[in-house]
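Subject: Structure handover

Hi,

Here is the structure we talked about. Please load it first, then read the notes below.

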Amino acid sequence: MATEGHGAQDASGYIVHHLQNLQVCRVDGAWVWNQCEGNFWTINVDSMFFSVFLGLVFIGLFWSVARKATSGVPGRFQAAIESIIEFIDKTVNETFHAKSNVIAPLALTVFVWVFFMNLMDLIPVDWLPLAASKLGIEYLKVVPTTDVNVTFGMSIAVFVLIIFYTIKAKGVTGFVAELTLHPIAPPKSGIGLIFAPVIIAFNFILESVALLAKPLSLSLRLFGNMFAGELIFILIALLGLWQLPLHFGWAVFHILIVTLQAFIFMMLTVVYLALAVEKH
Amino acid sequence: MSITLTLIGQSIAMLVFVLFCMKYIWPPLMQALEERRQQIADGLAAGERAQTDLERARQEADKIIGEARNQAMDIVDQANKRGNTLVDEARTEGQRERERQLEAARTEIEQETNRVREELRGQVSAIAVASAEKILQREIDASTHQDILGKLANEL
């Protein structure tokens with residue numbers, strides 16, 4: 001679309017436009033669209049819409065199979081869904097050794113959902129925003145995982161689960177001990193006792209950072225990868241006729257990234273939860 | 001590109017999806033997979049069992065066939081033997097019958113011979129008497145010389 005525009009202003013305008021979420025917020029008792037800079041009480045409508053929509057697609061696909069699941073000869077579609085289920089089940093069982101009814105479904109949801117959200121990246125960058133603009137919607141960011149709120153939202157849910165599982169497996173005292181008594185064990189008696197508070201404080205800072213780094217790295221990895229990929233798609237779209245082979249090449253490469261990032265997000269979620277449950 | 005309420009919305013959405021998946025998607029699919037695994041395992045075990053059963057049945061059948069063959073051979077042998085003895089018996093019986101018949105015929109012939117001989121003797125004596133009567137018609141009285149004629153007839 002920006003092929004008609006030539007100036008640097010047009011190009012940067014095009015990029016900025018494509019990276020702008022459709023936002024709604026309430027300012028002074030009125031709904032305001034896309035003038036929400038710095039306002040926490042803002043909903044990124046496009047991110048929410050696409051993520052929930054894709055989540056429903058996931059639920060719909062899998063539920064339609066699960067409702068009619070038979071142990072007899074499976075249909076092609078059931079076999080495909082089952083192969084995904086078995087893949088997830090195998091991966092989770094290899095990593096997470098404790099018994100849990102939550103981890104495997106969580107991993108399945110995360111994997112397929114993130115995969116679908118990443119997959120939106122392969123739709124040519126202008127199609128949906130252009131269609132939306134015909135309907136009078138000014139901004140539309142199609143790939144939910146290029147929105148830092150979405151990836152953080154998921155990683156915070158995982159973070160809550162990490163804390164929940166740590167406390168469930170080790171108790172509140174175990175959780176506190178994990179934060180304070182590692183990696184340097186404070187002395188329990190003798191003259192060294194004076195240094196115990198210092199060591200505990202040191203441990204606490206270290207372990208807190210390590211704990212907080214988990215959701216942060218989880219979300220930023222996904223966000224960074226998808227955002228960069230989307231940005232390159234946008235840049236390629238600026239190239240005129242040359243974009244065709246380049247877009248194709250990058251899209252093929254992106255199929256790998258889409259799958260890989262979804263898998264990494266799932267895998268790390270499982271690993272973090274396994275660490276939360278297991279004794280060191 | 002700032003942190004907004006979307007984050008909380010996304011977290012809630014994720015939890016809802018995970019819960020739904022946990023309740024309605026994962027268990028039935030896993031159960032189906034588990035059941036099918038069980039069925040396949042059962043099927044394989046049944047196949048193996050059938051294989052060994054078949055092997056055993058085949059051996060059994062071979063044994064039975066072998067026994068039947070031996071039995072049949074025995075029966076044939078016995079039948080042959082019995083046939084031979086029957087033929088032998090028939091032969092000896094026939095031999096005996098033949099001899100008996102021969103003997104009977106012989107005695108009959110002998111009796112007939114004797115009877116004919118008696119008759120001939122009588123006739124000869126009658127002829128002799130008649131001829132002697134003709135010769136001696138005039139001088140010899142049959143009743144007077146009866147003792148001589150009887151002696152003569154006995155000598156014939």
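**Strands of chain A**

In chain A, β1(A) and strand β3 (residues 42–44) run antiparallel and are joined by 3 bridges. Please keep in mind that this is a predicted model. Within this pairing, Val24(A) sits opposite Ile43(A) of β3(A).

β1(A) and β2(A) form a hairpin, with 2 residues between them. Asp28(A) lies in the turn and has a positive phi of about 55°.

**Chain A overall**

Chain A has 8 helices and 3 strands. Along the sequence, the pattern reads α-β-β-β-α-α-α-α-α-α-α. The C-alpha atoms of chain A fill a box of roughly 80 × 55 × 45 Å along the principal axes.

**Interface of chain B and chain A**

Here 31 residues of chain B are in contact with 53 residues of chain A. The two chains bury about 3700 Å² between them. Of that area, 75% is on carbon and sulfur atoms.

How many salt bridges does the rule find across this interface? It finds 2. Glu82(A) and Arg36(B) meet in a salt bridge through their side chains, at 2.7 Å from N to O.

**Salt bridges elsewhere**

Over all chains, the structure holds 13 salt bridges. One of them joins Glu34(B) to Arg37(B). Their closest N and O atoms are 3.2 Å apart. Both residues belong to helix α1 of chain B; because they are 3 residues apart there, about one helical turn separates them. Side chains of opposite charge can pair when their charged atoms come close.

**Largest pocket**

The largest pocket holds about 400 Å³ of space. It is lined by 18 residues, and the closest to its centre are Asp89(A), Lys99(A), Ser100(A), Asn101(A) and Trp26(B).

Which elements supply at least two residues each to this lining? They are α3 (76–95) and α4 (103–119) of chain A, together with α1 (6–135) of chain B. α1(B) gives the most, with 6 residues. By class, the lining of the largest pocket divides into 10 nonpolar, 4 polar and 4 charged residues.

**Cavity**

Rolling a probe the size of a water molecule over the atoms shows where empty space is left. The structure holds 1 cavity of 30 Å³ or more. The largest cavity has a volume of about 80 Å³.

The lining of the largest cavity consists of 13 residues. Nearest its centre lie Val125(A), Pro129(A), Val142(A), Val143(A) and Glu230(A). The lining of the largest cavity has 9 nonpolar, 1 polar and 3 charged residues.

Best wishes

Methods: Residues are numbered from 1 along each chain as its sequence is written. Chains are lettered from A and ligands numbered from 1 in the order in which they are written. This is a predicted model: local features need pLDDT of at least 70, side-chain atom pairs count only at pLDDT 80 or more; totals for chains, interfaces and linings use all residues. Side-chain values use heavy atoms; hydrogens and water are left out. On a 1 Å grid over the protein atoms alone, a cavity is a set of points where a 1.4 Å probe fits but cannot get out, and a pocket is an open set with protein on both sides within 12 Å along at least five of seven lines; lining residues have an atom within 4 Å of a point. Grid points are joined across faces, edges and corners, and a volume is the space filled by probe spheres set on the points. Ala, Val, Leu, Ile, Met, Phe, Trp, Tyr, Cys and Pro count as nonpolar, Asp, Glu, Lys and Arg as charged, and the others, Gly among them, as polar. Two strands pair if DSSP finds at least two bridges between them. Helices (H or I, at least four residues) and strands (E, at least two) are DSSP runs, numbered from the N terminus. Contact means heavy atoms within 4.5 Å. Buried area is the accessible area (1.4 Å probe) that two parts lose on being put together, summed over both. A salt bridge is a side-chain nitrogen of Lys or Arg within 4 Å of a carboxyl oxygen of Asp or Glu.
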